[in-house]
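Subject: Structure handover

Hello,

Here is the structure for you to look over. My notes on what turned up follow below it.

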Amino acid sequence: MDHSLLERLQLSPDGIQIANRRLIQGNEAICEGAIAAGVHFYAGYPITPCTEIAEQMSIRQPQVGGVYLQMEDEVGSINAVMGASLTGKKAMTATAGPGISLMQDGIGWTQTDEIPSLIVNVQRAGPGLGNATRSGQMDVMQARWGPNGDREAVVLAPSSVEEAFWLTLKSVNLSERLRMGVIMLTEGLLGLMREVIDLPDFSTVPIEDRITPESHPDAGQYDGSRTEIRPFASFGTGYRSINGAWQPPGQVSNYYAGSGLSGLDAQDYNIRRLHDKVLSRRDELTFTESSETEDAEVLLIAFGTQARVARFAKDELRRQGVKAGLLRLVTLFPFPEEIVRAAAANAKQVIVPEMNLGQIRGEVSRALRMHDAEIVGVNHVDSTYIEPDEIISMVPAAARRQREGAAV
Amino acid sequence: MTTVEAPRATERRQPVKPKPMQEYIEVFGNLPDEKQGRHFRYCPGCGLGIAQSAIVRAWDRIGLDPEKVVTVGGSGCYAVMGSYLTASQAHMGHGRACAMATAIKMSDPELTVITLQGDGDGMAIGAQHFVHAARRNIDITVVIFNNFVYGETGGQHGPTTPRTTMTQTSPYGMVENEFDIVNMALGAGAGYAARTTVFHAQHMVRAIEGAIRHKGFSVVEILQNCHELWGKRNGMPKATDMLAWYRDNSVTSAQAAKLEPEDVLGKFVIGTWTAPDRPEMSEEWQKLVARVQAGEVEPSKGASSKPPALQ
Ligand SMILES: Cc1ncc(C[n+]2csc(CCOP(=O)(O)OP(=O)(O)O)c2C)c(N)n1
Ligand code: SF4
Ligand SMILES: [Mg+2]
């Protein structure tokens, strides 16, 4: 078990017992991570490259007393996930490509109606039907901005099979803690990749549950602040619950209680509250991994599988005497701009390799708009993986050496 | 497959229980604002009010515990109804009620799950969830308030708008054919389907009561007057015009059975239709979980030498 991985995700390794060591596929690791986190409801519609999650969940959910529900489409799936969550169950779905596009409406509801749920996008290549069996990183900005309206999104991206396991667990924990849908953005390549990982004894992992009227000390008395997280009343637990919101006996309205607002003021308050609820907790949900960024003059910023490639490039650049560093983003949104700025403090060049045409580079540019580093991308959209050499060739000194090497 | 059940005369004369049904009614809804919210949102005379009272009466007859009832609604004029009832409520996206309700029932089979849907909500944008919920025979009750139009958005035509009638978006008369909700439900696997109108108040109560008591997927289509949008364009501008129209143009399924088919055309056939029981999904799932957890079944490994015995 990689302790630094757990610590990065703010999961305490204390007390976690290892149950066994297994060669396991990325998609299966997501299923196990979800079950470890207490997910007892899965709804989905088959799509490559995430069908292994459905297959595995159809085996595992009955074993743990949960529900596997194959819906008529992805719109049904995300709505079923919300329905299950409204009864208090931890629930998830997984999809890809056009499936995640169909889910956008529902994902927006999980965020704005504050219904805990996990949405996994095992990204495949391309817009439209795309290339089903090929990997991609093209749904980054959709994950942030897909649904209508102004809302925050929590989007997390693993780089390895072991991280997929723990990040799934963490995503479920965060969805419960923040009372909202959390998106895990993985990739076809990672979904089908097999790596050896230590699987913990599920009864020893740290899991979190949403606050309820019982567990909340001032149940029902919302503080009216813009950062509060409100207790969630599940259906059938004795409260009159409206999408999880509830009212103590004798109180007419609950939605804006504490704010003393109505009409458009209430709308303004609620949109800002949902925004501040997430942003005020950035420390709890920002996960990144920095290596040799302190003195980095060339900073690589990458996520997911391509961060693994970037590591080779960074190591090679260091070997050649270039002060290169790597910032790997696990949390994509809220975009960790402070951390990006700190890592780029000494950078003259920032390179963002990604399997799209520059979606994270756009965010990096926004974060570094006051910074005079050159920001460049290495971008593949043909589903081939970026080679370390392509990254290295973006660095002028290293590129010169590459050319000279070729001439000898 | 259809059995016919006409309202019997003796039953028809029986008064509905006089007991006030306050435990089910949230007088002001959950709407927060004095000025904006605390009045009934339905237009005066709208059939939704009568339909709502029928729902409450049906709950009262069964003696449902409101803490164990969930209504699921989407978007439409009817969608505020859940907030006038004391039961818990999922008030979510347009048309998604059957998908949500299926998951709610699967997750907590103790709950009585009732969807409140419009003809547009249930039969257009939500039709795929409707037919699949019927196919699964999940134990939920679907109530469709059929007012022939998309009321909330101003009276556009929908999948139940009668041919040739006028709506905001069929200004020359509706050219499409309409759905028969009852047949659609039965064809998709429902065990109980009823059609009633807001004129036939007591029949409506019994139809809803029967649907909720039915174990498995059930649907009640309530023909509900929208005199404001549909009636006005079709010569019936008052609520009473439309109620009289329902009265004069409805036949019971028993009466219809005795009529020539052409005499039934253009009539609303009200009644209850049932089909033989099929396995109910949430119960089947619980049985499966018990067998898996007891180690009685193993997951299929991808290859088998035994052809299936279809049931
Ligand atoms: C996804 C989506 N599309 C469109 C709408 C707009 N819309 C709101 S209510 C409605 C029609 C409702 O018609 P119906 O279900 O028949 O209910 P009624 O208003 O007639 O009671 C529509 C189209 C919406 N809310 N959501
Ligand atoms: S528009 Fe029609 S359906 Fe809507 S409330 Fe008014 S009368 Fe009723
Ligand atoms: Mg309608």
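One term before the findings: an angle under 35 degrees counts as roughly parallel, over 145 as roughly antiparallel, 65 to 115 as roughly perpendicular, and the rest as oblique. Axes are lines fitted to C-alpha atoms, for helices over the stretch in contact, and angles run from 0 to 180 degrees between N-to-C directions. Helices (H or I, at least four residues) and strands (E, at least two) are DSSP runs, numbered from the N terminus.

The model is predicted: local features need pLDDT of at least 70, side-chain atom pairs count only at pLDDT 80 or more, and totals for chains, interfaces and linings use all residues. Residues are numbered from 1 along each chain as its sequence is written, while chains are lettered from A and ligands numbered from 1 in the order in which they are written.

**A helix pair in chain B**

Take helix H3 (residues 47–62) and helix H8 (residues 201–213) of chain B. Their axes come within 8 Å and cross at roughly 50°. H3(B) and H8(B) are therefore oblique to each other. Residues are in contact if their C-beta atoms, placed from the backbone, lie within 7 Å. On H3(B), the contact includes Ile50(B), Ala54(B), Arg57(B) and Arg61(B). H8(B) brings, among them, Met204(B), Ile208(B), Glu209(B) and Arg213(B). By class, this contact has 11 nonpolar, no polar and 4 charged residues. Ala, Val, Leu, Ile, Met, Phe, Trp, Tyr, Cys and Pro count as nonpolar, Asp, Glu, Lys and Arg as charged, and the others, Gly among them, as polar.

**Where the chains meet**

Chain A and chain B each put 37 residues into their contact. On the chain B side, strand S2 (88–91), helix H4 (97–107), helix H6 (127–136) and helix H13 (281–293) give two or more residues each. H4(B) gives the most, with 8 residues. The chain B side divides into 18 nonpolar, 13 polar and 6 charged.

H4(B) also pairs with helix H4 (residues 74–86) of chain A: the axes come within 7 Å and cross at roughly 40°. That makes H4(A) oblique to H4(B). This crossing is right-handed. Among the residues that meet are Gly76(A), Met82(A) and Leu86(A) in H4(A), and Met100(B), Ile104(B) and Ser107(B) in H4(B). The contact has 9 nonpolar, 5 polar and no charged residues.

**The two ligands**

A residue is near a ligand if its C-beta atom, placed from the backbone, lies within 6 Å of it. Ligand 1 is surrounded by 17 residues, the closest being Gly76(B), Gly118(B), Gly120(B), Asp121(B) and Gly151(B). H5(B) gives the most to this shell, with 3 residues. The shell divides into 5 nonpolar, 9 polar and 3 charged.

Around ligand 2 sit residues including Cys43(B), Cys46(B), Cys77(B), Cys226(B), His227(B) and Glu228(B). Helix H9 (residues 227–233) of chain B supplies the largest share, 3 residues. By class, the shell has 7 nonpolar, 3 polar and 1 charged.

**Domains of chain A**

Chain A is assigned domain 1 (3–204) and domain 2 (286–407); the bounds come from an automatic or database domain assignment. Their C-alpha centres lie 27 Å apart.

Best wishes

Methods. Two residues are in contact if their C-beta atoms, placed from the backbone, lie within 7 Å. A crossing is left-handed if the near helix is turned anticlockwise from the far one by less than a right angle, and right-handed if clockwise.
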